[in-house]
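I opened this model to look up its fold, its sheet and its nonpolar cores. My notes follow.

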Amino acid sequence: MNRKISLFLTLIFGIIISGQEVMYEKVSDLPDYEILKTKLDLSDVILKVDQLPDYPHGINALRIKFNNYLDTSHITAKNVKIKLYFIIEKNDSVNEITSTGNNPEFSAAAESALRRMKNHWTPATFNDEPVRYLLSIPVNFSSME
């Protein structure tokens, strides 16, 4: 239980900080681009949009649901930092998910949690048309045990 509380608090602040990150002009400008291009189909992904994608019932609902789906019972590391990347498609689905970070086990658990959520987003738009959008969310986990 303590492990999830710790994750939940850092996820809250991590997502808030994510909103303040540098906006990149194109996907190839991303710091993790070399890794991402091997894991995701980045064709037609747009980063500069008129309207960002929106999660049903807002970012707080995303935090709560992600925390509920995330299983950290097998994670032995004390401090973990990863960045989840996923593409929100034009049709509102999330089909491609990957992560970068310092703990493969936690990365796999976070990716699995996001996949199992199966929610539909309001897609990002550019010139009033839905577009493929790459979203990144930093997730920090600190064990209290």
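Buried means under 20% relative accessible area, exposed over 50%, and partly exposed in between, with a 1.4 Å probe and protein chains only.

The model is predicted, so I noted its limits: local features need pLDDT of at least 70, side-chain atom pairs count only at pLDDT 80 or more, and totals for chains, interfaces and linings use all residues. Residues are numbered from 1 along each chain as its sequence is written, and side-chain values use heavy atoms, with hydrogens and water left out.

**Entry 1: overall fold.** I found four helices and five strands in the protein chain. Helices (H or I, at least four residues) and strands (E, at least two) are DSSP runs, numbered from the N terminus. Along the sequence I read the pattern α-α-α-β-β-α-β-β-β. The protein chain has 145 residues, and 45% of them count as buried. I also looked up contacts, meaning heavy atoms within 4.5 Å. Among those in the protein chain with a separation of 6 or more, 77% join residues 24 or more positions apart.

**Entry 2: the sheet.** I looked for paired strands, which need at least two bridges found by DSSP. Three strands form an open sheet in the order 2-1-5, with antiparallel pairing. Strand 2 (94-101) and strand 5 (133-142) are the edges, each pairing on one side only. From one strand to the next, the twist averages 20 degrees. Axes here are lines fitted to C-alpha atoms, for helices over the stretch in contact, and angles run from 0 to 180 degrees between N-to-C directions.

**Entry 3: strand 1 and its partners.** Strand 1 covers residues 79-88 and pairs with strand 2 over seven bridges, antiparallel. With strand 5, strand 1 makes 10 bridges, also antiparallel. I checked single positions next. Leu84 stands opposite Ser99 in strand 2, Tyr85 opposite Thr98, and Phe86 has Ile97 as its bridge partner. On the strand 5 side, Val80 has Phe141 as its bridge partner. The hairpin of strand 1 and strand 2 has five residues between the strands, and Asp92 in the turn has a positive phi of about 85 degrees. Strand 1 is mostly covered, with eight of its 10 residues buried.

**Entry 4: the helices.** Helix 4 (residues 104-117) lies across strand 1, strand 2 and strand 5, at about 35 degrees to strand 1. In helix 3, I found Leu62, Arg63, Phe66 and Asn67 buried. They sit on the same side of helix 3, because they cover an arc of only 125 degrees around the axis. That arc is taken from the directions from the helix axis to the C-beta atoms.

**Entry 5: the cores.** Which residues touch the most other members of the largest nonpolar core? I found Phe66, Leu84, Phe86 and Phe106, in a core of 26 residues. Helix 3 (59-69), strand 1, helix 4 and strand 5 each give two or more residues to this core. Helix 4 gives the most, with six. A second, separate core has 10 residues, including Leu30, Leu36, Leu42 and Tyr85.

Note on methods:
A nonpolar core is a set of buried Ala, Val, Leu, Ile, Met, Phe, Trp, Tyr and Cys residues joined through side-chain atoms within 4.5 Å.
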